[in-house]
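Please consider the model below with attention to its core, its aromatic pairs and its backbone geometry.

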Amino acid sequence: MKMNFKKIALLPLIAITGWAYASIDSNGIDRIMTTNQSTNGEQPLVSNAQQTPDLKFKDENGKTISLHSLKGKVVFINLWATWCPPCIQEMPSINELRKTFKNNNNLVFLMVDVDGNIEKTKKWMKNKKFDLPVHVFDGEIPRDIFSGSIPTTIIVDKQNNIIVRHVGGADYMSKEMVDLMKKQLSK
């Protein structure tokens, strides 16, 4: 009996991709961990008083952006990759969320390519006609903030506290998310 090793090697990838698609919640954000909401028995990522570490990112022009320098703004951080199916699935809703709040200078979007290939990511965004700013990591990111699973979305309030940490795909134009953003921006 002749075995096709190429097909066997693809089985884990197919299983992971299927799991990733299954984790997408088309009706809104599932398993959001915030300091103000129930976490289904899980502990929130941070307490109300704990601030985020000073994460650093590079933008498309090579300029370093420090998370602490954005204090006073709500920051939407999405860790993703161009090859990730759930990342691609949620991207239109992130783009729409940004359009919804485009005139609010107190909201910053950081779309962080975990592969670190900013040129490839810029081209991908342009081809998809998304108006989302591309960034890469500039330094280390703590494992308690990013475990390596993508997509991971982190929302930081104006005091640099993490208010949402969501692993997996989601619909960021859900009523819950739009209401959360409005509430945070009005504070």
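The model is predicted: local features need pLDDT of at least 70 and side-chain atom pairs count only at pLDDT 80 or more, while totals for chains, interfaces and linings use all residues. Residues are numbered from 1 along each chain as its sequence is written, and side-chain values use heavy atoms, with hydrogens and water left out. Helices (H or I, at least four residues) and strands (E, at least two) are DSSP runs, numbered from the N terminus.

A nonpolar core is here a set of buried Ala, Val, Leu, Ile, Met, Phe, Trp, Tyr and Cys residues joined through side-chain atoms within 4.5 Å; buried means under 20% relative accessible area, exposed over 50% and partly exposed in between, with a 1.4 Å probe and protein chains only. The largest such core has 47 residues, of which I77, L97, M125 and M181 touch the most other members. At least two residues of this core come from each of β3, α2 (85-100), β4 (107-113), α3, β5, β6, β7 and α4 (175-186). In soluble globular proteins, nonpolar side chains tend to be buried together.

I77 illustrates how such a residue is surrounded. If neighbours within four places in sequence are set aside, I77 is in contact (heavy atoms within 4.5 Å) with F57, L67, L110, V112, T152, T153, I154 and V156.

Rings of Phe, Tyr and Trp (its six-membered ring) pair if their centres lie within 6.5 Å; planes under 30 degrees apart count as stacked, over 60 as edge-to-face and the rest as tilted. By this rule there are six aromatic pairs. One of them is the tilted pair of W80 and W124, at 5.1 Å centre to centre and 50 degrees between the planes. Because W80 lies in strand β3 (residues 74-80) and W124 in helix α3, this pair ties together parts that are 44 residues apart in sequence. Both tryptophans, W80 and W124, are buried. W124 also pairs with F130: the ring centres are 5.8 Å apart and the planes at 40 degrees, so this pair is tilted. F130 is buried, as is W124. Elsewhere, ring pairs link F57, F137 and F146 into a cluster.

The structure holds one disulfide, a term for a pair of cysteine sulfur atoms within 2.5 Å. It joins C84 to C87, with an S to S distance of 2.4 Å. The link of C84 and C87 is right-handed, with 75 degrees about the S-S bond, and both cysteines, C84 and C87, are buried.

The backbone deserves a final look. Most residues other than glycine have a negative phi, and most peptide bonds are trans. The peptide bond from I150 to P151, however, is cis, with omega near -5 degrees; P151 lies in the loop between β5 (134-137) and β6 (152-156).

Where does K129 lie? K129 is in the loop between α3 (118-128) and β5, and has a positive phi of about 65 degrees although it is not a glycine. K129 is exposed, with a relative accessible area of 71%. N160, in the loop between β6 and β7 (162-167), has a positive phi of about 70 degrees and is not a glycine either. N160, however, counts as buried at 2% relative accessibility.
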